[in-house]
Amino acid sequence: MRRAWELVAVPLRAARRAGTVWGISLVILIGLTIAFYPSFRDSSGIEDIMADIPQPLIDAFGLADFNSPAGFLRGNLYAVLVPLLLAVAGVLLMNGQTATDEDSGRMEPYLAQPVTRVSIFLGRVAAVLFWLLVIGLLVLATQLVADELVDLEIATDRIVPTVILCVLLGVLHAAVAALVAGWTGRPGLVLGVGMALAVGGYVVMALFPLSDVLEPWRNVSPWAWALAGDPLVNETEAWRYLALIGPAALLIAAGTWLFRMRDVQAG
Amino acid sequence: MGRKRGRAQVACEPAAGWSTLETVNTATVEPLRIAGLVKDYGRVHAVRGIDLEVRAGEVFGFVGPNGAGKSTTIRCVLDLLHPTAGEVRVFGRDPQLEGASIREQVAYIPGELRLPERLTGRQFLTSIGRLRRRFDRSRLEELAARFKLDLDRNIRNLSSGNRRKVSVLSAFLSDADLLILDEPTSGLDPLMQHEFLQLVRERKAAGATVFLSSHILSEVQSVADRLAVLRAGRIVAQGTVNEVRGLARQRVEVWFETDAPAGLVQVPGLGEPQVDGRRFTAVLTGPARPLIDALAGMPIDSILIEEPDLEEAFLGLYEASDDDELPDDARGEARS
């Protein structure tokens with residue numbers, strides 16, 4: 001038990017700075033955005049501006065009902081920024097604790113100890129998931145407090161699922177990073193694949209509906225699994241959570257197995 | 001003068017008996033046996049068939065130039081790399097199948113100094129210690145004092161010598177039965193090198209086995225019982241330090257009472273003979289006995305045979321010949 005805890009404690013400590021910076025950054029982003037809501041709400045002319053934007057673009061960028069509290073939050077935070085930043089955080093944190101540490105040789109002293117490679121890899125995955133959870137809790141807490149302060153009047157049972165789905169999207173991206181790290185141990189590749197999935201996934205969900213040919217393919221994007229149901233407005237179906245958790249678990253399992261089977265990289 | 005004479009295996013151990021090594025008794029099973037080990041990185045042949053056996057309680061030197069395959073071999077032993085062919089047994093067990101339990105008996109100092117930068121020495125060493133069955137904090141303090149290491153300084157702020165001390169301490173925290181040390185004193189000052197060698201002797205006296213990869217020949221000479229010399233992924237010499245030292249080129253100078261005889265050039269192992277009046281000089285490789293026998297009964301005024309130098313022996317052994325040169329693209333990739 002002591003060894004298992006140590007295998008999580010070391011990467012937890014190593015990722016502390018990055019996790020804290022990500023958490024504080026998102027808190028500031030959400031706080032500042034919501035701080036503008038009262039002046040936005042009281043301003044006139046927003047509807048006129050929105051009327052000039054084509055409907056497909058409004059749908060693509062989550063700007064529907066922009067002058068409503070849910071529309072304001074979606075358009076400014078939860079359609080793109082928060083899920084994208086959580087996805088990027090997931091990729092970067094996982095890359096740092098797995099492929100980067102392996103490639104730099106910093107993982108080697110631990111791999112030479114009487115513990116399995118699998119336990120070392122899973123310890124690092126657990127540490128990253130913990131930090132994503134902490135960041136998610138900070139986002140949720142900030143959101144709930146800010147809502148109270150500016151009277152956004154969005155039900156907690158809409159906010160909570162939205163944040164959970166964004167965090168799970170980050171977990172899925174972290175899991176993809178874990179897969180590539182376990183497979184190759186090459187930090188550049190982990191970063192490239194992770195970022196491509198984050199940006200590409202958003203593009204597929206947001207822009208494919210603009211084309212009749214591409215529209216059916218929108219649902220291949222994890223972004224669509226998480227956010228296409230508009231969780232700030234509608235009740236979230238249970239399958240959306242499972243669609244993110246299931247593949248993430250499989251990707252992490254596959255990455256761990258691949259890491260066990262190959263040579264360890266060294267500088 | 002060809003140097004191929006140095007490539008003869010002095011005492012290459014047979015690779016037989018593998019299937020019988022199934023017990024875990026460290027007192028009776030060889031700590032390390034390697035048979036036919038091959039490791040390729042794509043087209044690059046880093047290790048080309050290594051056979052060696054490290055006996056319980058000995059210090060075994062593992063020497064060779066950069067790119068010879070020393071670290072690759074060690075990384076195969078620790079299950080960091082999977083061999084392309086051949087077998088590795090640590091205390092009779094396969095590292096690929098029982099790596100974690102084997103490493104309970106093994107301590108390792110990696111050749112490359114890469115430590116978690118943001119931790120202090122104490123944090124790093126404590127985390128390493130906690131991953132082992134036996135972790136004694138007082139041992140950590142004792143070793144730190146002995147090596148004059150400030151455990152509470154951040155690793156990123158340590159000099160390379162002090163980082164090396166952290167690495168050394170990580171291997172000596174536990175009472176491992178087999179110490180695998182890859183260039184362990186690189187970066188240590190002479191005083192600390194001496195302290196390190198003392199530590200190695202203490203562990204040996206306590207019954208531990210040491211597998212010491214090193215470039216510092218005086219270090220190997222002073223602590224190793226036996227050694228293997230590696231070049232281009234192959235062992236080119238293996239034996240006791242004295243046996244390998246016997247491969248060295250020794251300068252011979254003989255002064256005769258009369259003109260030097262020409263017949264000495266036929267003596268086995270004697271090369272580069274030169275006769276200058278009463279003075280005869282040559283280079284001797286191998287045992288001096290044939291030369292002494294040939295000189296017996298001759299009118300000798302004085303004779304000088306230089307002390308065999310291990311470094312000379314290594315230089316001869318290191319020198320590559322055409323048939324075992326690494327391909328050009330292998331030089332950068334094959335790890336030493």
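Between which strand and which helix of chain B does the loop holding Glu183(B) lie? Point 5 takes this up, after the notes on chain A and the interface.

1. The structure is a predicted model, and the remarks below should be read as remarks on a prediction.

2. Fold of chain A. The secondary structure of chain A consists of 13 helices and 0 strands. Its order along the sequence is accordingly α-α-α-α-α-α-α-α-α-α-α-α-α. Chain A has 267 residues, and 51% of them count as buried. Taking contacts in chain A between residues at least 6 apart in sequence, 75% link residues at least 24 apart. The accessible surface of chain A is about 11,500 Å², with 69% of it on carbon and sulfur atoms.

3. Extent of the interface. On the chain A side 29 residues make contact with 28 residues of chain B. Interface size is often expressed as the accessible area that is lost when the parts come together. For chain A and chain B the buried area is about 2,800 Å², and carbon and sulfur atoms account for 50% of it.

4. One of the salt bridges between side chains joins Arg3(A) to Glu104(B), with an N to O distance of 2.7 Å. On the chain A side, the elements that supply two or more residues are helix 1 (2-14), helix 8 (108-111) and helix 13 (238-261). Helix 1 of chain A gives the largest share, 7 residues. By residue class, the side of chain A that touches chain B holds 12 nonpolar, 6 polar and 11 charged residues.

5. Glu183(B). This residue sits in the loop between strand 6 (178-182) and helix 6 (190-205) of chain B, which answers the opening question. Is Glu183(B) buried or exposed? Glu183(B) counts as buried because its relative accessibility is 14%, and the cut-off for buried is under 20%.

6. Ala232(B). A positive phi, about 50 degrees, is also found at Ala232(B), which is not a glycine. Ala232(B) belongs to the loop between strand 8 (226-231) and strand 9 (234-240) of chain B. With a relative accessibility of 9%, Ala232(B) counts as buried.

Terms used:
Residues numbered from 1 in each chain as written. Chains lettered and ligands numbered in written order. Predicted model: local features only at pLDDT ≥ 70, side-chain atom pairs only at ≥ 80, totals over all residues. Heavy atoms only, no water. Helix = DSSP H or I, 4+ residues; strand = E, 2+ residues; numbered from the N terminus. Buried < 20%, exposed > 50% of the residue type's maximum accessible area, 1.4 Å probe, protein only. Contact = heavy atoms within 4.5 Å. Areas by Shrake-Rupley, 256 points an atom, 1.4 Å probe, with all protein chains shown as cover. Buried area = accessible area lost by both parts, 1.4 Å probe. Salt bridge = Lys/Arg side-chain N within 4 Å of Asp/Glu carboxyl O. Nonpolar A, V, L, I, M, F, W, Y, C, P; charged D, E, K, R; others polar.
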